[in-house]
Amino acid sequence: MRHTAEVVVVGLGAAGSAALYHLACRGIRVIGIDRFTPPHINGSTHGGSRIIRKAYFEGAEYLPLLARAYELWAILEEETAQQLITRCGCLNIAPAGSPMLAGAHQSAEAAGVEVVFMTPGVVRRTFPAYHLRGHEIALFEPDAGAIHPERSVTAHLSQAQARGATVLFDAPVLSWSALADAVAVRTASHTIQAARMVVTAGAWIATLLKGSSPPVKVERVMNAWFTTAGSAFRPDRCPTFIWEHKKTHSYGFPDLGQGVKAGIHHHGAVTDCPSGIDRTVSAAETRSLHTLLVKLFPGGLGPSTHAATCMYTNTSDRHYLIDYLGGADRRVVVGSACSGHGFKASAAVGEALADLAMDRTPRSDIDTFRWRWP
């Protein structure tokens with residue numbers, strides 16, 4: 001079967017579902033394709049929660065995207081009458097003098113974001129679950145919190161379909177080819193010809209683009225959920241956290257219904273493709289994470305109830321990628337590869353990808369995230 005569209009979006013996770021939504025909102029004839037049925041557990045957009053924040057130690061260049069993303073998430077919440085963000089705040093915890101704290105504070109000041117430094121005693125009195133050690137301090141951002149990935153992807157997809165977008169699920173792309181002024185995309189049951197293709201395939205980006213792909217590495221990420229005792233871990237009393245310890249960053253969430261969720265950032269095995277990811281989580285892994293967490297939460301944190309893996313798709317500099325293929329081929333727009341910190345901004349990333357697919361200058365500044373490889 002042949003479909004004709006103005007734009008085809010390949011990969012309907014965080015960035016792809018957002019791109020599909022923004023294109024549909026503009027009246028573009030758009031078809032979205034995913035190898036699974038999103039939201040699903042095979043990629044990078046599952047697990048019930050992701051941290052959303054603006055005090056961004058990764059760099060002030062993210063601030064325009066983050067500011068716009070907050071606006072877009074609020075619009076989507078209103079359109080769907082759903083809560084997509086739990087605003088429980090975020091604690092950035094590190095030794096005094098940490099570059100992470102300095103970077104988060106600098107970006108907050110640049111963006112006019114409310115933050116406050118807290119000593120261990122203040123943290124303990126304000127958020128009883130947390131026990132900082134004497135050499136640590138925290139930077140608290142009240143307007144931060146947890147965004148719900150499955151709910152958000154579903155919201156983008158449903159709103160896109162309500163505006164006329166077509167979606168093809170469980171339809172891996174078998175091949176695609178560049179035509180003179182279009183692209184042709186083939187699945188097992190469809191051939192789609194479109195003026196533009198938006199590639200938001202996450203960990204499958206190299207598989208899809210082959211030799212034209214940007215250099216990326218796929219990283220295994222393990223998250224585990226732990227039982228809690230009492231009310232100290234509820235979201236109204238317990239912020240999300242990013243915790244720097246021994247040159248490693250761990251992160252976690254209050255009990256949103258399944259226990260405290262936590263993981264370690266950029267700590268997993270790296271491979272060239274998603275099929276190389278070990279999906280089994282061992283008891284030793286969850287015990288090791290629990291041993292670490294009880295240093296931060298010495299009371300009330302019980303054993304792990306369950307664990308799961310997901311994937312980071314990392315660029316060489318761990319910045320986002322939002323641009324035309326090779327920086328020049330306007331038939332193909334490439335997005336995502338957000339290096340483990342992209343979900344919070346994905347509403348704005350999707351908008352920027354839609355802008356590029358329509359030959360518009362993106363509303364948000366994406367200069368840092370353009371194609372930057374030979």
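I started at a turn: in the hairpin of β14 and β15, with two residues between the strands, K246 has a positive phi near 50°. For my labels, helices (H or I, at least four residues) and strands (E, at least two) are DSSP runs numbered from the N terminus. Two strands count as paired if DSSP finds at least two bridges between them.

Ground rules before going on. This is a predicted model, where local features need pLDDT of at least 70, side-chain atom pairs count only at pLDDT 80 or more, and totals for chains, interfaces and linings use all residues. Residues are numbered from 1 along each chain as its sequence is written, and side-chain values use heavy atoms, with hydrogens and water left out.

**Around β14**

I looked up the partners of β14. With β15 (residues 248-253) it pairs in the antiparallel sense over five bridges, and W243 stands opposite S250 there. With β5 (residues 90-95) the pairing is parallel, over four bridges; N92 stands opposite I242.

Is β14 buried or exposed? Six of the six residues of β14 (240-245) are buried, where buried means under 20% relative accessible area, exposed over 50%, and partly exposed in between (1.4 Å probe, protein chains only). Both faces are covered: I found T240, I242 and E244 on one side, and F241, W243 and H245 on the other.

Next I noted an open sheet of three strands in the order β3-β8-β4, with antiparallel pairing. Its edge strands, β3 (50-52) and β4 (85-86), each pair on one side only. β4 is joined to β8 (residues 145-147) by two bridges, and T86 stands opposite A146.

**Cysteines**

How many disulfides does the structure hold? I got zero, counting a disulfide as a pair of cysteine sulfur atoms within 2.5 Å. I checked C90 and C238, and C88 has the closest cysteine sulfur to each: 8.1 Å from C90, too far for a bond, and 7.6 Å from C238, also too far. C90 is buried at 0% relative accessibility, and C238 is buried at 2%.

**Helix α8**

α8 (residues 346-357) has 12 residues and reaches 16 Å from its first C-alpha to its last, close to the 16 Å expected at 1.5 Å a residue; that expected span is 1.5 Å times one less than the number of residues. I count 12 of its 12 residues as buried, so α8 is largely enclosed by the rest of the structure. After the helix comes D359, with a positive phi near 60°.

**Cores**

I then looked for nonpolar cores (sets of buried Ala, Val, Leu, Ile, Met, Phe, Trp, Tyr and Cys residues joined through side-chain atoms within 4.5 Å). The largest has 49 residues, and L20, V30, W73, Y320 and I322 have the most contacts inside it. β1 (2-10), α1 (14-25), α2 (63-80), α5 (149-162) and α8 each supply at least two residues of this core. Its largest share, eight residues, comes from α8. A second, separate core has 31 residues, including A5, V10, V199 and A337.

Leaving aside neighbours within four places in sequence, V30 is in contact (heavy atoms within 4.5 Å) with V7, V9, L20, L23, A24, A165 and T166.

**Last check: A110**

A110 sits in α3 (residues 99-111) and is exposed, at 58% relative accessible area. I found A110 and L63 47 residues apart in sequence and 8.5 Å apart in space, C-alpha to C-alpha.
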